[in-house]
Amino acid sequence: EYVKALRLDKARRQLRSAEPGVTKVADVANAWGFWHMGQFAADYRQRFEELPSETLLRSFQAGG
C-alpha cells in the first residue's frame, strides 16, 4: 500500500504540472506503473477525491 500511495502521489504531481492535450492521463499512469486505467482512476479518486483527468484540467485552468 505504501508503494502504491507513493506512485499515486508522483502521478498526481506530474498531472498537476502537465498540459491537457499534450499529456495524457494514461501516459502518466503508465509511467508510474499503473496499467489498468479503471483501477488507477478508482485508486486515484479514493486517495485524492477527484479523477486524474480533473486534476489535469484543473491545474491547466489555474495556470499550472
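The side chains of Glu50 and Arg58 are joined by a polar contact of 2.6 Å. A polar contact here is a pair of N or O atoms within 3.5 Å; within protein, one must be able to donate a hydrogen and the other to accept it, and residues adjacent in sequence count only if both atoms are side-chain atoms. The pair also forms a salt bridge, with the closest N and O atoms 2.6 Å apart. The term salt bridge stands for a side-chain nitrogen of Lys or Arg within 4 Å of a carboxyl oxygen of Asp or Glu.

This is a predicted model, in which local features need pLDDT of at least 70, side-chain atom pairs count only at pLDDT 80 or more, and totals for chains, interfaces and linings use all residues. Residues are numbered from 1 along each chain as its sequence is written, and side-chain values use heavy atoms, with hydrogens and water left out.

Glu50 is found in the loop between α3 and α4. Helices (H or I, at least four residues) and strands (E, at least two) are DSSP runs, numbered from the N terminus. With a relative accessible area of 10%, Glu50 is buried, whereas Arg58 is partly exposed at 38%. Buried means under 20% relative accessible area, exposed means over 50%, and partly exposed lies in between (1.4 Å probe, protein chains only). Apart from neighbours within four places in sequence, Glu50 is in contact with Arg12, Tyr44, Arg45, Thr55 and Arg58. Contact means heavy atoms within 4.5 Å.

Glu49 is also placed in the loop between α3 and α4. Glu49 is exposed, with a relative accessible area of 73%. Although Glu49 is not a glycine, it has a positive phi of about 60°.

The count of salt bridges comes to 5. One of them joins the side chains of Arg47 and Asp9, at 2.9 Å from N to O. Arg47 lies in helix α3 and Asp9 in helix α1, so this pair ties together parts that are 38 residues apart in sequence. Arg47 is partly exposed at 42% relative accessibility, and Asp9 is partly exposed at 29%.

Another salt bridge is formed by the side chains of Glu1 and Lys4, at 3.8 Å from N to O. Glu1 is exposed, with a relative accessible area of 75%, while Lys4 is partly exposed at 26%. Glu1 and Lys4 are linked with Asp43 in a network of salt bridges. Asp43 is found in helix α3 and counts as buried, at 11% relative accessibility. Not counting residues up to four places away in sequence, Asp43 touches Lys4 and Leu8.

Leu8 leads on to the nonpolar core. In soluble globular proteins, nonpolar side chains tend to be buried together. A nonpolar core is defined as a set of buried Ala, Val, Leu, Ile, Met, Phe, Trp, Tyr and Cys residues joined through side-chain atoms within 4.5 Å. The largest one has 11 residues in all: Leu8, Ala11, Leu15, Ala18, Val28, Ala29, Phe34, Phe40, Tyr44, Phe48 and Leu56. The elements that give two or more residues to this core are α1, α2 (25–31) and α3 (37–48).

Tyr2, Val3 and Leu6 make a nonpolar surface patch of about 340 Å². Patches are made of residues with over 30% relative accessible area and no salt bridge, where like charges are joined within 9 Å and nonpolar side chains (Val, Leu, Ile, Met, Phe, Trp, Tyr) within 5 Å. Accessible areas come from the Shrake-Rupley method with a 1.4 Å probe, and for residues, only the protein chains shown count as cover. Leu6 is found in helix α1 (residues 2–16) and is partly exposed, with a relative accessible area of 38%.

Arg16 is also placed in helix α1, and it is partly exposed at 44% relative accessible area. Ser59 is found in helix α4 (residues 52–61) and is buried, with a relative accessible area of 6%. Ser59 and Arg16 are 43 residues apart in sequence, yet 5.2 Å apart in space from C-alpha to C-alpha. For Arg16 and Arg58, which are 42 residues apart in sequence, the C-alpha to C-alpha distance is 8.1 Å. That returns the reader to Arg58, the salt-bridge partner of Glu50.
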